[in-house]
Amino acid sequence: MKAYNNTKYPIFEADQVLTQKHLNTIVSYLEEQDRLTRTGVIGVGTICGMEVTFPDFNSVTIGCGTAVTSIGFQINWEEKNFSFYKDVELPETFLHPNITTEPFLKPVFDQAAKYTPFKNCRELVHIPDSDSGKPLPDGVAVIPNAKFYNDKVIMMLLEVSLSDAKNCVATDCDDKGKTLNFTVRPLLVDYKDIEESFINKYITGTLQPPLYIERFNVPQTNLVTGQQILNALYSMAGNALVDRITLAIKSLYSNFKDEYADSISNFIFLDNPRPKIDEVVKSYRTSLAVQYVYRWLNDIVDAYNEIYFLDEKHSLRNCCSDNVVNMFPLHVLLGRVITQRSSIQYPGQLLPRPDISRRFFPNEYNILDTNQAFITPWLKVAEEVQLGEKNRLRLLLERLILLINNFTVPANYADLEIKVTPSKYGTYTLSEKSIPYYYNRNTLATLNKVWNPEKTIEGLNTSIFSYNASVYTSQQHITNPLPYNFEPYNFLRVEGHIGKPYDQVVTTLNNIKNSQRLGFNIIAVNAVDLNTGSLRMSDYKGDWGEIQLSYEIVSRRWEDIIGKCIEWFEYNNWWVRGYITNEWFDNLVNNMKRARSMTYKQFSSFLPLYQQFIDLYEKIEAKAIECRDLLFEELLVLSDRFKEFDNMPRITRIEEIIDHLDEVIMVCSKGQFRAVYQNAEQKWKSISQAITFKTFLDKNPGIESAGGVTTGGTLLLVYQDKSAQVNPIVRAEPIDLPVRSATTKNVIFSPTIQDYSNKLKAFAEASLDRNNYLSLADYIDKSVYLGSVKDTSTIPDKVVIADFFLPYQCCGGGGDSLTFIVNPADFEPPGPADFDKPDFKSPDFFAKTNPSNES
């Protein structure tokens, strides 16, 4: 505020003759000093309180509070309730007083003249409870209903009037001088008049409204394949969002160019950022890193909003300028009153309910008036505060320029180290979060200096977490923060995993999680379309629940019996070979050893070998039965000569061999492994659906894309593995199917895949009536896939293509409950042992080369 009376003040001398000018000059000097202290050091606007509420439909309450007008007058208000009003006319002693002899008051009353448009207005009237039974004063009326307030703004006017003191009394007609009176008057004025007269006076500029970015896959669509997920992420960077970002950034340039164009390098870039944004979006169109483009645009949105709210909060372009005087010189605004339909039933009608609108937006994006407040804000104007905030603003503008120009995901991103970095999620500003890894490492030291203005000003910018923190600091607790306390951080940024094999990513993240005791779950799901085939059960590495328990019981019993039989045959081989051929003996024992070596601890490890195991299983049973039958025939021959004493030892040993063969036959003939496998097939029908992205999304629609996971949340890794997909095929051997016909002719299914559809329709035509046949034939044509399904997607199989998170831990459990927390990938099961190699040694039969230490 410009000072008018502070260049000098009188110094009084002894015996000096004092005039009214001397006294008024010293008073005006001191009074203006008080107001200058408020406007130039403390601030202006509504400091606290003065909240407007509506106890009922025809009364309004203004709470107690304090405000300072833009020329420094303080308004103190005690809470009052108003149920009455009157039409008033602002006095001329306020609007146009005669101050010929008081020129020092001119700066004040020049401002008072600006309220002439409100000369005729309505004033809220408070009548104390003690006067409730008395007649209403002249001109006072009851507020009729809520519509009375509609489109009105509540203005607290500080009326300053100059009046003559009463000069003549019964005994004295000396001049008593004049009185300066201050009266706070709660007025209702039309919002259009306010907008034209005062609202635009303290618009802090023409910045675009805050930016908001849409959430991933909202409204939810049916995402199934990896390509669909990447397309959905890419669609987030659509033209509508980029248009809004561009418009907002251009408004920064037009508002701050006069102050920062010369001091900020490449500031003119903000005038046209669109080409650079389009270049980045286009260049990553087909990249697996497309999710980082979405995160990058989110960073830009957050960066702009941080600038916007800093500027709005402190009005950096108006405070400490001459314009501050014109903002609200003798008033504050408490809000525009709007009415809306109420759900409260009154006799025969729904009554409007009044409410306060703090801000007014004529439309969503095109109006540049976010600061058109109908509530006078509190503006800090102390010079020290302003210098600090302007320095923050400069750093934030520099950061925005660097963010847009330095997005780059390293070309070798699939070779980068996987890291987990503490960060923040929620209502925190971008400054408070860690620096993502997708900013150019070569410029990171510069970006670090502007990332968090508060830390930069305090000299603590090297304490900011980042994937590449080693570029700007060697502090161990910053470059490797997980072993140290990071309690203030509620989010864990996961980076360096996109493009890597999902099983390696899960293994690495599990190791990090377990070694650093981090509280989050990890889930990997396959983004494939099960409408074009099913998933191979043998590729599933998750938890089989009760199937695993059944398998362990069966396999341990089988191993125990077969192991004892192997031990017995080998221990007694010197005499057993006397009753059976060496070839048969070796074949039986070797097959039992090979089969025994396939029964791994985990059912998921056993599955890939199941068919090989069953083949051996059946061979062992068949050979044991064949040998037992031969030995039994010999035993019958020997029994006919039982009386011959020399045959007794031979009979005893044959019976002992038969007993052990019976053990082998019995453990094989029960088919318990087949029963376990069949149960697994039944459960696989639900599991194969559950481990796909589509099913997971259906059950957990609240996933978010933020480049990591909240502490205590669930990290969802998405990969695409079409190699695990089994497409519908034709059985190789012919299948005879009976035909419902008068003849005995059968329809033979050709072993040729290409003929499958035609033969199936021929069978349907011979078996069904015309209408049902046509329906089935149409279904066959639409649903049967011949051979392998071609996929034009270029997404590599078995690598992480995206990540999401849930803010809670899910999908764990045991027993009968299905879990799809992916365990570290098991080793590739070995193929059938080759016992003919010259390096064969007997311990090879029992060695289980399992890196998971299965026993």
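Student: Is R596 buried, partly exposed or exposed?

Tutor: The model is a predicted one, in which local features need pLDDT of at least 70 and side-chain atom pairs count only at pLDDT 80 or more, whereas totals for chains, interfaces and linings use all residues. Residues are numbered from 1 along each chain as its sequence is written, and side-chain values use heavy atoms, with hydrogens and water left out. Buried means under 20% relative accessible area, exposed means over 50%, and partly exposed lies in between, with a 1.4 Å probe and protein chains only. Because the relative accessibility of R596 is 23%, this residue counts as partly exposed.

Student: Which helix holds R596, and what span does that helix reach from its first C-alpha to its last?

Tutor: R596 has its place in helix 16, where helices are DSSP runs of H or I with at least four residues and strands are DSSP runs of E with at least two, numbered from the N terminus. Among the buried residues of helix 16 are W584, F585, L588 and A595. The expected span is 1.5 Å times one less than the number of residues. For helix 16, with 16 residues (582-597), the expected value is 22 Å, and the helix comes close to it, reaching 22 Å.

Student: How far apart are the C-alpha atoms of R596 and W558?

Tutor: Along the chain, R596 and W558 are 38 residues apart.

Student: How many salt bridges does a search of the whole structure find?

Tutor: A salt bridge is taken as a side-chain nitrogen of Lys or Arg within 4 Å of a carboxyl oxygen of Asp or Glu. With that criterion, the search of the whole structure gives 27.

Student: Which residue forms a salt bridge with D87?

Tutor: The closest N and O atoms of the D87 pair are 3.0 Å apart, and the partner is R122. This pair links distant parts of the chain, 35 residues apart, with D87 in strand 7 (residues 84-89) and R122 in strand 8 (residues 120-125).

Student: Why are K106 and D110 separated by about one helical turn?

Tutor: The two residues form a salt bridge whose closest N and O atoms are 2.8 Å apart. An α-helix has 3.6 residues a turn, so residues three or four places apart point the same way. K106 and D110 are about one helical turn apart because both lie in helix 3 (residues 106-112), with a spacing of four residues.

Student: How many residues apart are E259 and K390?

Tutor: The side chains of E259 and K390 meet in a salt bridge at 3.9 Å, N to O. The pair links distant parts of the chain, since E259 belongs to helix 6 (residues 239-260) and K390 to helix 9 (residues 383-405), and the separation is 131 residues.

Student: Which residue in the nonpolar surface patch with F12 and L18 lies in helix 1?

Tutor: Patches are made of residues with over 30% relative accessible area and no salt bridge, like charges being joined within 9 Å and nonpolar side chains (Val, Leu, Ile, Met, Phe, Trp, Tyr) within 5 Å. F12, L18 and L23 form such a nonpolar patch, with about 260 Å² of accessible area together, as given by the Shrake-Rupley method with a 1.4 Å probe, where for residues only the protein chains shown count as cover. The member in helix 1 (residues 20-42) is L23.
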